[in-house]
Amino acid sequence: MDLTAAARIRDAAIELFGERGFQVGVRAIAASAGVSAGLVNHHFGSKDGLRTVCDERVLELIRTEKTKAVTAPSLSNGVLAAMADIEEYGPLVAYMVRSLQAGGPLAESLVEHMVSDAEGWIEAGVAAGAIRPSRDPAARARYLMMNNLGSTLLYFTLRQQGGAKLDYRKAIRELTEQLGPPALELYTQGLLTDPTILDTFLKEH
């Protein structure tokens, strides 16, 4: 696909931000995209402006793939297909981890957008009959995203120790194979045998 200069810059920035962190300079991003540094500023105004566009692209790709998985004619095929191709998401995961590690308003904004998007694709799954309805869809979406983001951040942060370059595509495969089976067990079979615990908790709170 012949991407526009702006799209090439954006995609190069996602890769480099994920690999090196947000201290990477505009010149390095421009060189990776095959354009001049001036063109980066022309399209995005500043590195923060570029990062905002990168956030939007990462959110768009995650939202699209999640929606596709939970609304597939066969939920099993949709979820398993996404897991089979998990290495493709390596750069997106790397970017997300770097953003969470950097903290600040942009990281907070990214998380809030991911939570909002999660509510949308989960409700699409509910409408498709693939996901059970919730008494509080917004709270459920937030819990799932905070849980997933937290475990991913912890996994990758621990593996970045010592300054060695991390292969995010390999790491996301390892994470999926390690946590995928217990996560699917919890999602499909549940954990607690006494459903009244929730009702009792809600009455008391």
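**Close-up 1. Helix α1 crosses helix α3.** In this predicted model, the axes of α1 (residues 5-20) and α3 (residues 37-44) come within 10 Å and cross at roughly 100°. That puts α1 roughly perpendicular to α3 (angles of 65 to 115 degrees; under 35 is roughly parallel, over 145 roughly antiparallel, and the rest oblique). Axes here are lines fitted to C-alpha atoms, for helices over the stretch in contact, with angles running from 0 to 180 degrees between N-to-C directions. Helices are DSSP runs (H or I, at least four residues), numbered from the N terminus. On the α1 side you'll find Ala5, Ala6, Ile9 and Arg10, which meet Leu39, Val40, His43 and Phe44 of α3 (contact means heavy atoms within 4.5 Å). Sort the residues of this contact and you get six nonpolar, one polar and one charged (Ala, Val, Leu, Ile, Met, Phe, Trp, Tyr, Cys and Pro are nonpolar; Asp, Glu, Lys and Arg are charged; the others, Gly among them, are polar).

**Close-up 2. Arg10 pairs up with Asp11.** The side chains of Arg10 and Asp11 meet in a salt bridge, 2.9 Å from N to O (a side-chain nitrogen of Lys or Arg within 4 Å of a carboxyl oxygen of Asp or Glu). Arg10 is buried at 15% relative accessible area, while Asp11 is partly exposed at 26% (buried is under 20%, exposed over 50%, partly exposed in between, with a 1.4 Å probe and protein chains only). The whole structure holds eight salt bridges.

Close-up 3. Glu60 bridges to Arg57, with 3.1 Å between the closest N and O atoms. The two sit three residues apart in α4 (residues 47-70), about one helical turn. Both are partly exposed: Glu60 at 35% and Arg57 at 22%. Glu65 and Lys68 form another salt bridge, their closest N and O atoms 3.4 Å apart, and they too lie three residues apart in α4. Glu65 is partly exposed at 27%.

**Close-up 4. Helix α8 and its buried residues.** With 23 residues (137-159), α8 reaches 33 Å from first C-alpha to last, close to the 33 Å expected (1.5 Å times one less than the number of residues). Its buried residues are Ala141, Leu144, Met145, Leu149, Thr152, Tyr155 and Phe156. Their cover includes α6 (90-102), α7 (104-127) and α9 (168-189).

**Notes.** Residues are numbered from 1 along each chain as its sequence is written, and side-chain values use heavy atoms, leaving out hydrogens and water. Local features need pLDDT of at least 70 and side-chain atom pairs count only at pLDDT 80 or more, whereas totals for chains, interfaces and linings use all residues.
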